[in-house]
Amino acid sequence: MLRRWWSFWIGFLGIRIEGSQLEKFINMAASRGIPLYDLRREPSGRISAKVRMDGFRSLRHVARKSGSRMRIESRYGLPFYASSLKRQRSLVIGVISFVLTILIMSTFVWDVEVIGNDRVDKQQLLQAAAEKGIRLGRWRPLIDVREAEQAIMGAVPGLEWVGITAKGTRVVIEVQEKVLPKKPAVDGPCNIIATKDGIIQRLMVLVGEGKVVEGERVVKDQVLISGLIFQHKPTIRSQAEDKPEPPKLIDKVQARGEAWAKVSYDQWIEEPVVLEGTVPTGAVSEQWRIKWGNKEIIIKGPPSNPYPVGVEEVSLRTPSLWRNLGLPVEIIKAEYHELRAFRHERTAQEAMTAAQEKARQAVSVLLPPGARVLREMVLPQPAPPGMVKVKVSVETLEDIGQPQPIETST
């Protein structure tokens, strides 16, 4: 590879040699230290080769001594390209100017993109960035990315993090918004209750009083965060009745918070090992009839289902003259679809795999948005002969809290 690069820099020639003593020509060139590259013999008896420019002059003397004729076929290398470019100075200057222009223009900002924003206005972010120099046409080395990030964080409320990346002519402003607590879906004082059974893993009380602790098993409709605020005092027994005084209700608030709990979902699916049933063949026959009162008249199609095994689909149409003025007749369209019986024999393992997939699909329908699957267990169950049965248990982590209004009489 190094020799090829050196040959390119000093230039080399493609030559063709003719004569009756070509072997003598090659031997004399080798003995005088003139290297020949890509040496090949042609069908006509001539040979072609490549030689460096500094060796071509010595090679002419070899050709005379061996009685051979030598002719230059092609020229390669930088000296020949440079000589060609000298005759096209305008083109060279144009190409160099174009490359320099591209290099200079690539140091400016020509695209500013904002990603990650949902609630924060994009124009507000772009305006804050423009005040720190991140705008179209700005020379990129003049932009202080870290200073711009701090400025945007201070100028735009509701941001948790800002990251700016400058690549080429493009600047990407990536933001992460603050996670705000959920707004209660009810008006007035309310409790946060459990929507399903589970084991509390994390309880975050923003407003109200927590009624459960982490690790506690809760049931559906149990109060997790109470909107009733009581004044808790040390237990004082009344001298007259010798009973503890109940806590005093001091306020009713709109309870707010999150209650993340482990929730289990179980599904049992039975699946036959041998599948039997019917499938449509694609053959369809149509029947049209008119119904007037209790009478029906067939106007087109077979009098009944023409297939030995088939299913019928019926649709009704009521013609009208104008707007709500209808006719006391109905047009009935019946489609008969031919069915054929099928039987598919499977192994018990194949049936078990199909049952597992159906059970997983049934569980996935029950999962609420945002639920995170922690564990999945698949347990084969006893089944009747010719059947397989499987139980799929999925444990998730999800927020089970839901606001519930507090009765005014409470």
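Glu18 and Arg69 form a salt bridge in which the closest N and O atoms are 3.3 Å apart, a salt bridge being a side-chain nitrogen of Lys or Arg within 4 Å of a carboxyl oxygen of Asp or Glu. This pair links distant parts of the chain, since Glu18 belongs to strand β1 (residues 12-18) and Arg69 to strand β4, 51 residues apart. Strands here are DSSP runs of E with at least two residues, helices are runs of H or I with at least four residues, and both are numbered from the N terminus. Glu18 counts as partly exposed at 23% relative accessibility, whereas Arg69, at 55%, counts as exposed; the words follow cut-offs in which buried means under 20% relative accessible area, exposed over 50%, and partly exposed in between, with a 1.4 Å probe and protein chains only.

The structure described here is a predicted model, in which local features need pLDDT of at least 70 and side-chain atom pairs count only at pLDDT 80 or more, while totals for chains, interfaces and linings use all residues. Residues are numbered from 1 along each chain as its sequence is written, and side-chain values use heavy atoms, with hydrogens and water left out.

## Further salt bridges

The structure holds 25 salt bridges. One of them joins Glu42 to Arg46, with 3.9 Å between the closest N and O atoms; Glu42 counts as buried at 19% relative accessibility, and Arg46 is partly exposed, with a relative accessible area of 24%.

Another salt bridge brings together the side chains of Arg119 and Glu177, at 3.7 Å from N to O. Arg119 lies in the loop between β5 (111-115) and α6 (122-131), and Glu177 lies in strand β7 (residues 170-177), so this pair ties together parts that are 58 residues apart in sequence. Glu177 counts as buried, with 11% relative accessibility. Elsewhere, salt bridges that share partners join Arg16, Glu18, Glu42, Arg46, Arg69, Arg71 and Glu73 into one network.

## The sheet that contains β1 and β4

An open sheet is formed by four strands in the order β2-β3-β1-β4, with antiparallel pairing; two strands pair if DSSP finds at least two bridges between them. Strands β2 (37-41) and β4 (69-76) stand at the edges with a single partner strand each, so one side of each is left without a neighbour in the sheet. On average, neighbouring strands of this sheet are turned by 25° against each other, direction ignored, where the axes are lines fitted to C-alpha atoms and angles run from 0 to 180 degrees between N-to-C directions.

Strand β2 and strand β3 (residues 47-52) run antiparallel and are joined by three bridges. In β3, Ser48 is the bridge partner of Arg40. As a general point, strands of a sheet pair through backbone hydrogen bonds, either parallel or antiparallel.

Two bridges pair β10 with strand β12 (residues 223-226) in the antiparallel sense, and in β12 the bridge partner of Glu209 is Ser226.

Ile192 is found in strand β8 (residues 190-194) and is buried, with a relative accessible area of 5%. Although Ile192 and Val223 are 31 residues apart along the chain, their C-alpha atoms are separated by 6.0 Å. Leaving aside residues up to four places away in sequence, Ile192 touches several residues, including Val223, Ile225, Ala255, Gly401 and Pro403, where contact means heavy atoms within 4.5 Å.

Helix α8 (residues 348-366) has 19 residues and reaches 27 Å from its first C-alpha to its last, close to the expected 27 Å, a span calculated as 1.5 Å times one less than the number of residues. The buried residues of α8 are Ala351, Met352, Ala355, Gln356, Ala359 and Val363. Seen down the axis of α8, these buried residues fall within an arc of 140°, so they line one face of the helix; the arc is that of the directions from the helix axis to the C-beta atoms.

The buried residues of α8 pack against β15 (256-272), β22 (372-381) and β23 (387-399). Strands β22 and β23 run antiparallel and are joined by nine bridges, and in β23 the bridge partner of Pro380 is Val390. The two strands form a hairpin with five residues between them, and Gly386 in the turn has a positive phi of about 80°.
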